[in-house]
Amino acid sequence: MGFFKKLLSLALVGASLQGLALGADYPQEDIDSGKVLQELSRTAKENALARLESSPDSKCTKENVRVRKEWRNIPGPERTAYWKAVECLMHAPQLYPNVTGPKSLFDSFGVLHYKMTPSVHNSAYFLLFHRLYVWTFEDKLRSECGYTGAMPYWEWGLDAGGVEKSPIFDGSDTSMGSNGAKVNSSTPSFFPGGSGGGCVTKGPFVNYTVNFGPNTAADPLAYNPRCLKRDLNTQICSQWASIRNTTETILESPDIALFQANVQGDFRWPEARKWGFAVHGGGHFSIAGDPGGDFYFSPLEPVFYLHHGQIDRMYFIWQNLDWANRQTMAGTITMMNMPASRNGTLDDVLDITPVGGAFTYRELLDTVGASPFCFVYE
């Protein structure tokens with residue numbers, strides 16, 4: 001807990017500095033309105049598709065490239081089909097032997113994340129691990145459950161005025177379920193401002209059972225059935241995951257080391273301290289609850305994949321604004337370099353069996369090139 005207390009204190013101090021450093025070429029009002037982010041996103045997509053056209057031997061073509069979309073831009077029936085495919089994974093066989101908690105293929109993704117967390121957060125592997133992780137989840141939705149629609153992402157900043165009102169969390173049949181029931185507790189929350197805290201009350205996943213965790217349990221992989229809890233937090237979303245923060249994180253990151261530090265609020269970089277928990281923590285803790293607020297088991301929260309879709313979208317935009325110079329990796333292979341470890345390299349192998357495959361990190365750099373991927377973001 002000491003690590004998180006230190007991070008929280010730096011986050012609260014850094015929050016007062018937000019907005020001081022601006023994209024030099026853009027008016028602040030255009031950054032805050034989302035106009036600049038739309039321009040950057042459009043340019044990145046165009047650059048990626050142009051690169052696709054120049055690679056005639058690629059299996060990824062303009063005809064088969066998939067376009068990932070923000071939840072609001074996906075038709076209602078397709079959104080319903082998405083959450084039903086996620087529910088389908090919750091009934092598919094789990095893949096890990098000798099564990100009592102996980103019961104499904106959906107749970108197997110949680111086991112994988114739990115096992116790999118110490119090496120794929122605040123490390124050289126953060127961005128590319130999660131790119132493969134989300135893509136593998138999408139692949140299972142399609143191959144195991146017949147999903148044919150767009151893979152969604154969540155632009156948190158669109159909900160900075162009220163996460164509870166988001167079409168992702170409104171509890172309708174085209175949402176990902178509701179907020180948790182309001183819990184009145186005398187125990188101070190680690191993050192003040194949450195509007196729920198109890199079990200999801202309506203909509204998709206109201207009957208979903210979280211089968212294992214939390215990370216603080218004596219045996220985190222043991223069977224521990226309970227409801228899905230959410231504690232939606234507009235204060236955190238508006239402070240750490242706004243459109244301004246998303247845009248300026250992209251604009252103010254000249255290299256991969258600073259980009260991933262800015263995305264994660266890695267206080268080892270002085271420039272990153274002003275972001276607090278940054279967009280990565282801001283998105284996670286806008287959902288919070290159990291398991292959404294659990295650093296190790298957050299993938300057991302179904303909206304995890306929309307959240308990390310947005311993280312990967314930011315990475316996609318940042319890469320494709322200067323592709324020639326942004327095919328790089330920086331950092332060591334342990335979280336916060338604890339224990340001290342060697343630098344990661346693009347020729348290291350990421351093996352996520354039995355959930356997915358094994359690839360060098362170099363193969364994961366390009367979403368439209370010589371890689372397992374074939375997607376862009378709109």
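Asn-122 is placed in the loop between helix H5 (105–120) and H6; helices (H or I, at least four residues) and strands (E, at least two) are DSSP runs, numbered from the N terminus. The structure is a predicted model, in which local features need pLDDT of at least 70, side-chain atom pairs count only at pLDDT 80 or more, and totals for chains, interfaces and linings use all residues. Residues are numbered from 1 along each chain as its sequence is written, and side-chain values use heavy atoms, with hydrogens and water left out.

Although Asn-122 is not a glycine, its phi is positive, at about 50°. Asn-122 is buried, with a relative accessible area of 11%; buried means under 20% relative accessible area, exposed over 50%, and partly exposed in between (1.4 Å probe, protein chains only). Met-336 also has a positive phi, of about 60°, and is not a glycine. Met-336 belongs to the loop between H11 and E7 and is buried, its relative accessible area being 9%.

Two cis peptide bonds are described next. One joins Asp-290 and Pro-291, with omega of about 15°, and Pro-291 is found in the loop between H10 and H11. Another runs from Met-338 to Pro-339, with omega near -5°. Pro-339 lies in the loop between H11 and strand E7 (349–351), the loop that also holds Met-336.

An open sheet of three strands has the order E2-E1-E9, with parallel pairing. The edge strands, each pairing on one side only, are E2 and E9. Two strands are taken to pair if DSSP finds at least two bridges between them. In general, strands of a sheet pair through backbone hydrogen bonds, either parallel or antiparallel. Strand E1 (residues 66–70) pairs with E9 in the parallel sense over three bridges. Within this pairing, Val-67 stands opposite Val-376 in E9, and Arg-68 stands opposite Tyr-377 in E9.

Helix H6 (residues 126–145) packs on the sheet and touches E1 and E9, contact meaning heavy atoms within 4.5 Å. The direction of H6 makes about 100° with that of E1. Axes are lines fitted to C-alpha atoms, for helices over the stretch in contact, and angles run from 0 to 180 degrees between N-to-C directions. Helix H11 (residues 304–321) packs on the sheet as well, touching E1, E2 and E9, and its direction makes about 90° with that of E9. On the E2 side, E1 and strand E2 (residues 152–153) run parallel and are joined by two bridges. The bridge partner of Lys-69 in E2 is Pro-152.

Thr-367 lies in the loop between strand E8 (358–360) and strand E9 (375–377). The residue is buried, with a relative accessible area of 2%. A polar atom of the Thr-367 side chain lies 2.7 Å from the backbone oxygen of Phe-375. A polar contact is a pair of N or O atoms within 3.5 Å; within protein, one must be able to donate a hydrogen and the other to accept it, and residues adjacent in sequence count only if both atoms are side-chain atoms. Not counting residues up to four places away in sequence, Thr-367 touches Arg-131, Phe-316, Phe-373, Cys-374 and Phe-375.

Leu-52 lies in helix H3 (residues 35–53) and is buried, with a relative accessible area of 5%. With residues up to four places away in sequence left out, Leu-52 touches Ser-58, Cys-60, Thr-61, Lys-62, Val-65 and Val-368. Leu-52 and Gly-331 are 279 residues apart in sequence, and their C-alpha atoms are 29 Å apart in space.

The axes of helix H9 (residues 256–264) and helix H10 (residues 278–287) come within 3 Å and cross at roughly 30°. H9 and H10 are therefore roughly parallel to each other; angles under 35 degrees count as roughly parallel, over 145 as roughly antiparallel, 65 to 115 as roughly perpendicular and the rest as oblique. In this contact, Asn-262, Val-263 and Gln-264 of H9 meet Ala-278, Val-279 and His-280 of H10. The contact residues divide into three nonpolar, three polar and no charged. Ala, Val, Leu, Ile, Met, Phe, Trp, Tyr, Cys and Pro count as nonpolar, Asp, Glu, Lys and Arg as charged, and the others, Gly among them, as polar.
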